[in-house]
Each structure stands twice: as C-alpha cells, then as structure tokens.
Amino acid sequence: MDHFYRQLAAIKKLNHPVRIAYFGDSFTEGDILTADLRDLLQQRFGGNGIGWVDCMNGTNGFRPTICLKAVGLTAHVSSQKPFDANRQGINQRYYSAVGGAQISYMGTSYKKGTSHWQNVQFFFSSPGPTTIEAFSGKQSPRTFTFDGAPTVQCLTIKGDSNHSTFKILKPSAGSVYYGAALESDRGIVLDNLSLRGCLGYTLSSIPSATLNAFARFRPYDLIIIHYGTNVAVSQESEKFFRAYIDKMKHMIAQLRGAYPQASILVMSVPDRDQRTASGIQTLPAIEDLSAYQEVLASECGVAYYNLFQAMGGANSMRKLVDKGWANKDYTHLKFDGGRFVAQKVYNSLMVGYENYKSKKRAGIIE
C-alpha cells in the first residue's frame, strides 16, 4: 500500500487527484458501500465528483449519486451474449450509438461531493472520424471532431459543473462508447466499477491495449479487487478454489502491467448466509474462499483485507438483515449496511496510513 499512502501524504502538493478504482460485483452495485467510502475519504483529503459513470443506467438505475439520462444507445455487457470482448472498456461494457444519441450526467445532493465536479472525461473508441457535441455547466455547446484511432480516445472538458452532456452527432462504423469520469482537480476520486454476476477473473479479457490507454488518461493510485459473492455459492473443493485463484493471479498480473505504480488491494468475500435446518448461517465456502484470497494476495505480493471478519465474521450478514441494513437474500447490503461496512474499511485504511507515516518519520521507509 506504500504508493497509495505516499500519494495521500503528498496530496496537498499534487496537481492531480489521487484515484482509486474499486472493481466489484453486485455487492457494490448502485454505489452501495463505495459512495460512503468515497465520501469519508473526500471529507478527510478533499475532492468531489463520483468518478466513473457508464453511458447508461443498466442495473445501476437506483444509484443515488448521479442522475443519468441516455437515448439512442444500446448496451453490450460482458455477462450477456452476444458480446465482443475485444471492444469492451475498463468497465467490461461498451455501448453502440445511432446518430443523435445523447448522454447527460447531472449531480445530486446525496453526498457533499456528488453535486458537482471540475473535470469531465468522456471515453470512446472509433476506427473512423467521429463528431461529438458537448457542453458542461454554463459553457456553450462545442463540437469536437476526432480522427479514427485504433484504441481508446478521450474528450475532456474543464470547468466547475453540476451537469455535462455529450451528443454523438456522427458516429463512424464500429464506434463504441464507454462512459465518463466526473472528478475534481485534486483530492480523492473513487471509481465504482461494479458488474453484477462478475467472478473477477473476467477482467483479464479486457485487451491490454485498452487497459493501457485508460491508464494513460486515468492513472490509478489504488486498485481494489473485491469479488467472491458469485464464487462461494456452495462447498467447493480445494481444486476448484486453486483453479479460481490461478485465474485471479493472471488478472492481477494484467492490471499490474497497465498500472505498475498502483497499490493493489484484494478485498475478501463478504459474509453470505443461507437458510439451514439450524437457522440462518454463513455459507461454508465463505471462510474457505476468504482464506484462499489471502493466499492469492500473498502470492501476488499485494495487500489483503479480510472484509468477512471486518463485518463481524460468521452470520454477520444475518445480523445486518435483522437491523434492516441488508436484503433478505442474506447476500446484498442496503445503503445503511453499505455505510456501516464503508466505515470499517475506511478506519482500516486510515490505521494503515498512520502506520505508514509513523514508519516514514522513523526512517524505516523512504
């Protein structure tokens, strides 16, 4: 975690935001947990804006941190067929558009940092020339024409804004669109990159050229990898978990190749409970998977956080359901539960940060 903590320590001197990518599944869908973690970090270190937003709502229609309206686009998601993996973006999605398609992003009052941003980046890929009309805040609409390129391109508009709109005037054949990043000039920005049903290792299907292009436009300082809810569904064998960990190692290696400086944190599977003859109890595979994920982090030389234990360990999801903080599927949090878990994660990150500063003062680390 040294790189991330080093950036936090220097954050007031940086002329760019400290960026966090939070890759996950439906556990963080709709900005549950990540909205509160982002807010806590921005309260301490500054910054505003919610980071990454797709071109369409999809299953995140209940996300309270952004108001998104889109017309004239078709979604293509890696978990649904047909899907061309070579065209996907960092969000494991891409969107095709007709001429006149439009995407509008509007801030909300959900959190202090969700109401406005200073920079907006719109990401797309177009093999031929394409024309986009865009405006942000009080600025007048402007027309941008891009030549064709073999990889990801980015349209950037600077200036304080609480709404940004992009209209695809002339898409070329084969053009696809990914989404936008709404962020501040400095402080903390946290991208929620969740995908329902994702197992995690499918991130390795993102083309390396695409990852490298995103890394140039949006370099991350911390990458959080949070999967497992869709893996620990029954009592699996050691062979199954070992095969899963090997696939995850390949994915982490690919991320490290694109983001060599970034700190990487493996977040363990959260608690997930099921009905049994003895009542609501933790799935037997949860503790096994969390242990294998610790092995994964160790073998990859990255950080590990045991979210299962941080939540309270066995049957902790049942307790959250009893409080009304989680859904009765005993798998997914509500926003109150997300706030509770985010505070746990934030506290642990800050303890690590204080330890880093202590070691730096003592000369133990440079």
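Mentor: Happy to. Let's start with Asp 31, which counts as buried because its relative accessibility is 0%. Buried means under 20% relative accessible area, exposed means over 50%, and partly exposed is in between, using a 1.4 Å probe and protein chains only. Before we go on, this is a predicted model, where local features need pLDDT of at least 70 and side-chain atom pairs count only at pLDDT 80 or more, while totals for chains, interfaces and linings use all residues. Residues are numbered from 1 along each chain as its sequence is written, and side-chain values use heavy atoms, with hydrogens and water left out.

Trainee: Got it. Where is Asp 31 found?

Mentor: Asp 31 is in the loop between E1 and H2. Those labels are DSSP runs numbered from the N terminus: helices are H or I with at least four residues, strands are E with at least two. The phi of Asp 31 is positive, near 75°, and the residue is not a glycine.

Trainee: Which side chain does Asp 31 meet in a salt bridge?

Mentor: Arg 63, at 3.1 Å from N to O. A salt bridge here is a side-chain nitrogen of Lys or Arg within 4 Å of a carboxyl oxygen of Asp or Glu. The two partners are 32 residues apart, with Arg 63 in the loop between strand E2 (51-54) and strand E3 (67-77). Arg 63 is buried, as is Asp 31.

Trainee: How many salt bridges does the structure hold?

Mentor: It holds 15. Another one pairs Glu 29 with Arg 196, with the closest N and O atoms 3.0 Å apart. That pair also links distant parts of the chain, 167 residues apart: Glu 29 is in the loop between E1 and H2, and Arg 196 is in the loop between strand E11 (188-194) and H3.

Trainee: Is Glu 29 buried or exposed? And what about Arg 196?

Mentor: Glu 29 counts as buried because its relative accessibility is 6%. Arg 196 has 44%, so it counts as partly exposed.

Trainee: Nice. Switching to the greasy side, which residues touch the most other members of the largest nonpolar core?

Mentor: Ile 223, Ile 225, Ile 252 and Tyr 259, in a core of 51 residues. A nonpolar core is a set of buried Ala, Val, Leu, Ile, Met, Phe, Trp, Tyr and Cys residues joined through side-chain atoms within 4.5 Å. Elements that each supply at least two residues include strand E1 (18-24), strand E12 (222-226) and helix H4 (238-258). H4 gives the most, with eight residues.

Trainee: What does Ile 223 touch?

Mentor: Leaving out residues up to four places away in sequence, Ile 223 touches Ala 21, Phe 23, Leu 255, Tyr 259, Ala 262, Ser 263, Ile 264 and Leu 265. Contact means heavy atoms within 4.5 Å. Apart from this core lies another one of 41 residues, among them Tyr 5, Met 267, Ala 303 and Val 321.

Trainee: And H8, what should its residues span?

Mentor: Its 27 residues (335-361) should span 39 Å at 1.5 Å a residue, and the end C-alpha atoms are 38 Å apart, which agrees. The expected span is 1.5 Å times one less than the number of residues. Buried residues of H8 include Gly 337, Val 341, Val 345 and Leu 349. Helix H1 (2-9), helix H2 (34-45) and strand E16 (303-305) are among the elements that cover the buried residues.

Trainee: Last one: which peptide bond is cis?

Mentor: The one from Lys 81 to Pro 82, with omega near 0°. Pro 82 lies in the loop between E3 and strand E4 (93-106).
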